[in-house]
Amino acid sequence: MLAFLKDNLSTIIISAVVLAVVILIIINMRKDKKAGKACSCGSECGSCPGSSVCHK
Amino acid sequence: MIFALVGNQNCGKTTLFNQLTGSNQHVGNFPGVTVDQKIGEIRSVKNCSVVDLPGIYSIRPYTNEEIITRNFILENKPDGMINIIDATNIERNLYLTLQLIEMNIPMVLAFNMMDEVRGNGGTINIAGMSQDLGIPIVPISAAKNEGIDELIDKMLSTAKNRVYPKKVDFCGAGPVHRCIHAISHIIEDHADNCGMSSRFAATKIIEGDEDIISRLELNQNELDTIEHSVIEMETNHDMDRNAALADMRYTFIERICARSVVKCKESKEHLRSVKIDNILTGKYLAIPIFLGIMFSIFWLTFSIIGAYLSDLLAMGITGLSDLADTGLTIYGINPVVHGLLIDGVFAGVGSVLSFLPIIVTLFFFLSILEDTGYMARVAYVMDKLMRKIGLSGRSIVPMLIGFGCTVPAVMATRTLSSERDRKMTILLTPFMSCSAKIPIYALFTAAFFTEYQAIVMIGLYIAGIAAGIIAALISRRTFLHGNPVPFVMELPNYRFPSFKSVIILMWEKARDFLVKAFTVIFVASVIIWFLQTFDSRLNVVANSTDSLLAVIGKFISPVFEPLGFDDWRVSTALITGFTAKEAVVSTMGVLTGTAAAELSTTLSSLFTPVTALSFLVFTLLYTPCVAAVAAIRRELNSGIQTIAVVIAQCGIAWVVAFLLYQLCSLVNLT
């Protein structure tokens, strides 16, 4: 087991980092959606005519 | 404490809001930029906020902007109001001021653009005007940050000491005066119960304001007496009720202006604007000049500046990807994880990211057009065309926003007072080519139409507009009968673009694009890589044609065969485009395993120029991303209608791309 971990340490670290990033992005997107910020329109919410709908 | 910032359209409310709060809200040289309220803390004053309300000309609840502003004042009962007016156009602006005074809320009048008044030889007797109106007045220049501290001091002292407007009887003597005062007495108790000024309520009742009448809960006897008074006023004054009230207000305004205002001569800015407009909005030149300007912008963006910067960034991303590739190989990383990083993340995110300079360059030019005041002219020029297809000129604002993004554009349709106009605008706004499609256009035009990039780009934008017009004409003749409501818009003077505004807009676009690339596109790229690396038993496939994704893609690809592109990778890219249109490019990058710089070359194996054009037309017209569909669902408030809109858009996209491809095949174009 230890030998496996030692041989594949870099792979495990990189996989863990990528997985953590993906999970963080998804958590953040879900949080934004709940907060009404998930407009994903590529526009600035402050100047959006419908900002009060998203940001109640 | 809360202050409401109220004023006419394009009189500098958002500029003053930014000065008061130190924020950077988008200031447009375009009437109606603010269509919803924005709140901000006043700098250097604790627990004190100001609410920027949409520009209005009266307190009558006809337009959405008027409803938002009026409801805010009536329901939130701010501690004070700042009524900002354009001092170069004082008479018209004071019309709203008189209605605000009637609401009997502590208020300060800010005379904006006083520098222009002085510069053009005009003067205003501030003390005299303040005496006549019964409210404090502060001369300011919001754009130059002049008089702002004095305004803050004045508004704080007015609100803290609850200094209400002095009772100025601007109805004079006569039938209107008698009518207003008679009604005021009748409704006094009701108005007190609602926390409303009886004079304000009386004038609104005379105007036939159903909302105020229902709020006051008047009985039938009172209503009959009021109606009798109003009819008597109309008879004695020989004017209808609305004209009588407008006449009363303008007579008072003329009287006080005659005493306190030395009108400025026509400003240099206005004279210059008129001269420029004679050319830019001329009957025959307006459309060719608009097309010429747009062609120049596209040419500079897609062939010169943006393209050069984009190529540089693509080379940088490829270099970084190669470096990561070498590093992963040296450290002996598992091939699957290696593939995930290089063929998934770097190829996917990198292919999209390389188009950042193109987006920034395009919005640099568009923000200049908006800030100079030209975009307002575009709305004016297009208004004639819009009316011909049965749409109100007001629909132009959502459509122009649609060139940035469909989501706020669809939301902006709520400013339209007619339900018919709203539905029609929602239907055609998604045909306006949003900025998320730019990476797709840039990629394909660079790969297949190198010499005619700008022409193809502008052609795509025009095709989108044409599709919208045809959709509007069809819907007008089938299920959305009727006539559009009239549209009034004030054209701002031309001005030199503000460096700050341009930079803010560019930064906002760049930031949002980056956020999208590293969130939605990142996750989409990882999912696409996963689906194209494993089969249904989660074994790593030697060839992606055996992958899970290929199974899905091959199932869908026959649909696109008549359009000239039946490769499963292309169909898959179109499907992922539902999440975000940029994902079409990142999916192509992941599925072809190509770095950003070489993606154009790789596409030659999947498309011919004609199939590429067919693909571009399909991408232009098919349904926008899921966020836009959600916005349509919210605005139409109907799942069935939303599904119908999505099906109609996909259907139109398929038919147009099919006709284009088959027509080209008939004349042996490849």
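**Exercise 1.** Determine which residues B:Val45 touches, not counting residues up to four places away in sequence.

*Solution.* The model is a predicted one. Begin with the position: B:Val45 lies in a loop of chain B, between strand E2 (38-41) and strand E3 (49-52). Next, set aside residues up to four places away in sequence; B:Val45 then touches B:Ile152 and B:Leu156.

**Exercise 2.** Decide whether B:Val45 counts as buried, partly exposed or exposed.

*Solution.* Count the C-beta neighbours of B:Val45 inside 10 Å, which gives 15. A buried residue would need 20 or more, and an exposed one 12 or fewer. B:Val45 therefore counts as partly exposed.

**Exercise 3.** State how far apart B:Val45 and B:Asn493 are in sequence and in space.

*Solution.* In sequence, 448 residues separate B:Val45 and B:Asn493. In space, the distance from C-alpha to C-alpha is 34 Å.

**Exercise 4.** Describe how chain B is divided into domains, and give its overall dimensions.

*Solution.* First, list the domains: domain 1 covers 2-160, domain 2 covers 175-262, and domain 3 consists of 287-481 + 502-666. The centres of domain 1 and domain 3 of chain B, taken over C-alpha atoms, are 41 Å apart. Then take the whole chain: the C-alpha trace of chain B spans about 90 × 50 × 50 Å along its principal axes.

**Exercise 5.** Summarise the secondary structure and burial of chain B.

*Solution.* Chain B contains 30 helices and 8 strands. Of its 670 residues, 49% count as buried. Finally, consider the contacts in chain B with a separation of 6 or more: 72% of these join residues 24 or more positions apart.

Methods: Residues numbered from 1 in each chain as written. Chains lettered and ligands numbered in written order. Predicted model: local features only at pLDDT ≥ 70, side-chain atom pairs only at ≥ 80, totals over all residues. Helix = DSSP H or I, 4+ residues; strand = E, 2+ residues; numbered from the N terminus. Contact = placed C-beta atoms within 7 Å. Domains from an automatic or database assignment.
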